[in-house]
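Here are my notes on the model, written as numbered points. Keep the picture open while you read them.

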Amino acid sequence: MAPRSVSRSTRTFITLFVLLVLAFRPIPAEALSQSALPDLATFILSVQDGQAGVVRGVYVDSVLAYPIVQQPSYNAGYVSNTDGVVTEFGMARQTGNIGLLAHNTLAGRSFSNLKPGQYVVIVYGDGKTETFIVTQILRYAALSPFSTTSDFKNLDTNITISATQLFSNVYTGSRHVTFQTCIEYNGNDSWGRLFVIAVPVK
């Protein structure tokens, strides 16, 4: 299915949300340990609920195994404050892609352990799976971390782009999964942004 386009006003809202919502430090809930991950078959059984087409889990061997919750239809700014739980970004779904959000103080800690070449398994409510492979790790410094108009500097290339350009780069285009969390630096939990991109395995 070809990705669907997003109106300019909707994209503006998305940009503001995507670049700011993870900046707010949540009150951690009881942590769910990722030290002893289940095997994939066990994990699939643990997250399936019979709902076909609904993303319910994400699994990366030896890295993470998290259930996924969806944003409420009335709250496009929602990100779970429960450790060990990832939130599907509803607006990313409208572009035909899968966006996975987590605070870097909670489940997002594991996102920094993802590496190119690793397989990402998305689990749907009916138990079906879709496999992706990590191809890109993108790290950006927010030049004004708490501003809605902040530009972002790529930490590998030193190229600076606008918030709108960043959103387009990571959430539009051919089908893919985008993991997003913040980067902590020098005591600032929202100093930068980490995006991990995985494309379908053919």
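1. Start with T95: at 1% relative accessibility, T95 counts as buried, because buried means under 20% relative accessible area, with exposed set at over 50% and partly exposed in between (1.4 Å probe, protein chains only). You'll find T95 in the loop between helix 3 (90–94) and strand 4 (98–101). Helices (H or I, at least four residues) and strands (E, at least two) are DSSP runs, numbered from the N terminus.

2. What does the side chain of T95 have beside it? One polar atom of that side chain lies 2.7 Å from the backbone oxygen of A92, and the backbone oxygen of Y171 lies 2.9 Å from a polar atom of the T95 side chain.

3. Before you go on, note that this is a predicted model: local features need pLDDT of at least 70 and side-chain atom pairs count only at pLDDT 80 or more, while totals for chains, interfaces and linings use all residues. Residues are numbered from 1 along each chain as its sequence is written, and side-chain values use heavy atoms, with hydrogens and water left out.

4. Go carefully at residues 26–33, where pLDDT stays under 50 and the model has 13 contacts (heavy atoms within 4.5 Å) beyond four places in sequence.

5. Now follow strand 4 itself. I98 and L100 point one way, G99 and L101 point the other way, and all are buried. Strand 4 pairs (two strands pair if DSSP finds at least two bridges between them) with strand 3 (residues 86–88), running antiparallel with 2 bridges; there, T87 has L101 as its bridge partner. Strand 9 (residues 177–185) runs parallel to strand 4, joined by 4 bridges, and L101 has Q180 as its bridge partner in strand 9.

6. Strand 6 is worth a look too. Strand 5 (residues 119–124) pairs with strand 6 (residues 129–142) in the antiparallel sense over 5 bridges, and V123 stands opposite T129. Their hairpin has 4 residues between the strands, and G127 there takes a positive phi near 95°.

7. Which other strands does strand 6 pair with? One is strand 10 (residues 188–200), antiparallel over 9 bridges, where Q136 has I197 as its bridge partner. Another is strand 7 (residues 152–154), antiparallel with 3 bridges, where A142 is partnered with F152.

Technical notes
A polar contact is a pair of N or O atoms within 3.5 Å; within protein, one must be able to donate a hydrogen and the other to accept it, and residues adjacent in sequence count only if both atoms are side-chain atoms. pLDDT is the predictor's confidence in each residue, from 0 to 100.
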